[in-house]
Amino acid sequence: MNLTQERSTPAPTTPANLPPGTGTAAGTPRTTAARRAGALAPRLITPVALAAVLFVFGTMSPVFLTAGNLLGVLAQLSILGLVATGLTIAVRAGGIDLSIGVALDLSALAAAALIYDGYRAWVAIVAGLLFGLLVGAINAALIFLLRIPPFLATLSVWFIGTSVQQLLTGGGAPTYLSSRPVPEGFALLGHGWFLDTIDGTILILVLVALGTGLLLSATRWGRAVTMAGEQPTAAAIGGLRVRRLGASAYILCSLVAAFAGVVLASRTTSFVPGSGQSYLMDAIGAVFIGATLSKFGRATVPGTLVGVLLFALLSNGMNLIGLSFFWQGLGRGVVLLAILVLGVLLTRRAGSPSALNALFRRPPPRTQSPKTSQPVAPTTEGSR
Amino acid sequence: MTSVSEPVLLCLSGIAKSFGSARALDDVDLTVRRGEVLGLVGENGAGKSTLIKILTGLYTADGGTIELDGGAVQINRPADAQSLGIHVIHQERHLAGRLTVAENLYLGHLPRTGWLDRGGLERRAAEDIKRCTGQSLDAGLLTDELTVAQQQLIQITRAVLAEPRVLILDEPTAPLASGEVEQLFGTLRRLRGQGVGIIYVSHYLQELQDITDRITVLRNGRNAGDIHLGAGGTLQDVVELMVGRTVTEFDHARTPRTPITAEPALEIEALAVPGALEGLDLQIRPGEVVAITGLVGSGVDVVADAITGIIRASGSVRVNGHAVRDSAGFVAAGGAYVPSNRRRDGLLIRHTVAENLTAASLRKISRFGGFLSKARERALSGRLIDRLDVRPADGDAVGGSLSGGNQQKVVLGKWLATEASVFILDQPTSGVDVGSRAQIYAHLNGLVDDGAAVLVVTVDLEELVGIADRILVLHRGRVVADLSGHGVTTDRVLTIASGAESVKEPA
Amino acid sequence: MSTTATPTAPVAVPRNATRKSVLAWAGYAAVVLVLGFFAVASPHFATPGNIGAVLTQATVFAVAGIGLSTVIATGGDDVLTGGIDLSVGAVCGLAGTIAAVATTAGLPAGTAILVSLAAAAAIGVTNGAAVVLGLRPLLATLATMGIATSLELVISGNIKTALDGELFRWLREGSIAGLPAAVLVLVAIGALAWWALGRTPFGINSYAVGNNATAAAVAGLNPNRYRFGSYVISSVLGGAAGILLASRLSAAVPGIGAQVLLDIILVAYMSAVFSRRLVVNVPGTVVAAVFVAGLSNGLTLLGVTSQWTGAAKGALILLVLAVVALRGRNAR
């Protein structure tokens, strides 16, 4: 016999647990097949969108589907791919990193400046990565020590980082390496060719993505980070050091972005201040589009790469049919919005409290029940 | 006290409600007369909350009729209930913390004057609160700044201002001190005098005796009977109806256990959570099961989180001799925690069964210094799935898709994988079907026989009495009784927990 | 264990209300102190002309910031899941461009303003609809931010478009009783917004929805209606700010939206520091906007290079967040 009420469960199990006006689809019995189809539908949006892009531009432009063009597209997407891969880590850890552009820029700046001053390639690369480490460590400290929400913490770092760049470059003057002898090792990063056919940066992206993907999906760390990101309290109860895991994810995210910066510096043989932040919006879009591919609405490296590919093909196709650069943001924005809205609608239609729901929809509001003990932020340190 | 001659105000008859295949209410009747305070009691799952939700329009009944003042009414939405004059004071305080008392009080009914006179509004609010509850409250304070009892004044005033015909109170006194309870009762008596019908849900039986005229008892979704306290009925009768049979002595099927060693595996000293728990001392030896119970607000809902380091608490906890500072330390020292909120804190709902089972022992399924081995994961989780009889016996099934009982087996299985020796289980069988329940108990018994120390925090009295070697009863944050689990009856525990009897000396 | 993890205890301890008031006054004191320092350190800072310039500059941030504050108040201040409008900067740029292109094409100023505000409102409706459907505000407004930025490029052709006309000139140079026209606009919009958010049922209901949507729903309000409304308000005010900005610069400058976004977010969040309840609010947003404009201006007058202003703003927002986090710990 029970004496007291059970603690409230976050996942609404009955329609009445939802606040009025939330709209419920639960309660209708369905066949497993229908449910399976319903659960699958949101995951098909992105593949369908990709196919539509390929089809539409393929019919509109004879060049679009040629091997040369598609390889060109791949070569174009490598920097965005690297940035988005880094961001995937932060999103998987349950957060977001708006400062990836800062990590990218500062690292590119360091690498370019050191090459300009005649240092060796590895010095420049290591220095670039160290800047990434620094940015990541600052993010981690703000988020997990000062408990500032990730969005605002990384936004501040974006502010400060932009300013630091300006200070370091004397007000935003670009650094050009064209007049300098660039060490071959460094040039190879951005200008290498693999088997004389594939752009070296694609190979770099593939390697980094493979490494990150394996790290997230096949290692103990990746599993733990995923758990801590999705259900921090449950992860803490399971004995994981949730804050430490989160911090490491932010640091790694910045490191990958910093590596993208080094590659960018090598590819453009220059450093132009503020170039990193332009990747941010597309990277966020790619990560969340990619998450629609996952059964659990989880940010994954393969999914992110599909998102990046979608954006790259979209830009390329629009270029080929002569649509000006001005329209491209519109195209990307509309596609992003359409995919996400469709995702929400299809998930709602399916009526399952699936993970996609959790990704897209606001979590149910926390009630102010003093009886509901809410172990919110899971932590691993501190004293009793 | 009202007489039976008062006209019937609210009459529910034949109410039925099912959720899927589960029958929550079956042919339930309930009547409230004008100016009557009706007590409504029953175990959790007896159907009280469902019945209240039907009355307030959050659920729609599958069958049965609701009559108000002799006329049949339909209640399909919360707005319907409100327009009929049926108001509820929820157990959860639905208040916006950063709004002032006055703003919360009139939320949804703020005067549309074009210019809100805050001062005037606050004065009016203070007057309304004074008039409705007899207490003074600065209506300009933020709701966050109030005590829970003060927050409840807002709710009561809100309900009274709506001039209800029927007022429902769901466990209203749990957070209140005794003086505050008296003031609440004063308000209720005044309303009763005005002819309002009041339905009062509480587990504090002693209070029911003070305020109610009649008590309707639900059991397993059906009427178990009505007790007229004024007409010879006693609290003992209520307890018997709730428990479902005339309780004499609980029959222990098993022999009392003896601890394996004298060295305690779990030592808790002066564990306290501000405002919830005041100094818990406890030692559990290997091979021993200790249970903690109590009512809402007694601290029973935070004690497990406090011990395992999930919420902040003062005091000291030692597991197998190691001081525990946080949840990771608790696990590392050999602790295992099965939390009460299974879907939020226990199970990883978006991970597979195999991933859940190995979540606390990732090292065991790793190789090459950090890579997960699918083969080892499958082997370890497969063994556990067999051992625990998880259904479906599929390591790739998604955690959130399992039934409650199987989810709980998986959560428990996670700790079998770590070979933990100190188990803390918070409401381990709530929402768990009978079959899985028996299996979970069997596993617990097996663990204890193998030398585990187990602490069960539970509000399920059958479970408590059936499983524990020792029972601690919490009342308003303090341990009020320390009973030997053998020879204790459910009604005695209920009597102590509900404050109907105070135990001075720990047994 | 963490302080944030402390559950709301059954018996809450009454907190010291006066300390929060002190904290709010400390915010104002800090503003006065910093601006006072500039006044002492630079002879040019406290001149009427410069003060007018600072206020005119502040107007843009304040007007758009008020819009964003509405979204944050109604959506809750947890950024990842609560209210945020990332498109407000881009809408600012888009509205200015539309107004400039429309007047250049010969439309009267009033009509041009209406058209640009209507375009802004359309973006707001899109945001609101997506959020009500259940999209995370962060993602929804990110997408519309891209759309608005692109529309601005399409309409302007990525070139600076002059904005001229009597009304716009008046907004830039005009004054009534010595007060710059832009400041009058700020006062008017600020007063209106302060009234709407602080002194009407609409405002209190909006705060209630953002603070505890369940409580609002239980009280019979429809949270989604307020959420939807807040995004429309945000976009319209963003559009108004864009027109003011273009008037001040006498041209619509492509890409300016991205530059002002961070300032808008900064002033909206900073406003919480000036509130006893530590929630975003209208007067606080105005003060924060004046402070941020004054800070940039003062640092420039002192000869500090403009690069440091960005760092100062970043540090400022961190400081603000630290204060708010402190509040969070006390309040739990």
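Two strands are said to pair if DSSP finds at least two bridges between them. In the predicted model described here, strand β16 of chain B meets this condition with strand β19 (residues 422–426) of chain B, to which four bridges join it in the parallel sense. Within this pair, Y337(B) stands opposite I424(B) of β19(B). Helix α14 (residues 404–418) of chain B packs on the sheet and touches both β16 and β19 of chain B. The direction of this helix makes about 170° with that of β16(B).

The sheet concerned is open and consists of six strands of chain B, in the order β16-β19-β20-β13-β21-β22, with mixed pairing. At its edges lie β16 (335–338) and β22 (478–484) of chain B, each of which pairs on one side only. From one strand to the next, the twist averages 15°.

A further set of strands in chain B involves β9 (residues 214–219), which is mostly covered, five of its six residues being buried. Strand β3 (residues 37–42) of chain B pairs with β9(B) in the parallel sense over five bridges, and G39(B) stands opposite I215(B). Strand β10 (residues 222–228) of chain B, by contrast, runs antiparallel to β9(B) and is joined to it by six bridges. In this pairing, R222(B) of β10(B) is the bridge partner of R219(B). The two strands β9(B) and β10(B) form a hairpin with two residues between them; in the turn, N220(B) has a positive phi of about 50°.

In chain A, helix α12 comprises residues 301–320. Its 20 residues should span 28 Å at 1.5 Å a residue, and its end C-alpha atoms are 28 Å apart, which agrees. Because 14 of the 20 residues are buried, α12(A) is largely enclosed by the rest of the structure. The N-terminal end of α12(A) is capped by T300(A), a side-chain oxygen of which lies 3.1 Å from the backbone nitrogen of G303(A). Just after the helix, G322(A) adopts a positive phi of about 85°.

In soluble globular proteins, nonpolar side chains tend to be buried together. The largest nonpolar core of the model has 335 residues, and those with the most contacts inside it are F186(A), L188(B) and F423(B). Helix α10 (residues 242–268) of chain A contributes the largest share of this core, 13 residues. Beyond its neighbours within four places in sequence, F186(A) is in contact with several residues, including I115(A), L177(A) and V262(A). A second, separate core has 28 residues, among them V32(B), I54(B), Y59(B) and I86(B).

Key
Residues are numbered from 1 along each chain as its sequence is written. Chains are lettered from A and ligands numbered from 1 in the order in which they are written. This is a predicted model: local features need pLDDT of at least 70, side-chain atom pairs count only at pLDDT 80 or more; totals for chains, interfaces and linings use all residues. Side-chain values use heavy atoms; hydrogens and water are left out. A nonpolar core is a set of buried Ala, Val, Leu, Ile, Met, Phe, Trp, Tyr and Cys residues joined through side-chain atoms within 4.5 Å. Buried means under 20% relative accessible area, exposed over 50%, partly exposed in between (1.4 Å probe, protein chains only). Contact means heavy atoms within 4.5 Å. The expected span of a helix is 1.5 Å times one less than its number of residues. A polar contact is a pair of N or O atoms within 3.5 Å; within protein, one must be able to donate a hydrogen and the other to accept it, and residues adjacent in sequence count only if both atoms are side-chain atoms. Axes are lines fitted to C-alpha atoms, for helices over the stretch in contact, and angles run from 0 to 180 degrees between N-to-C directions.
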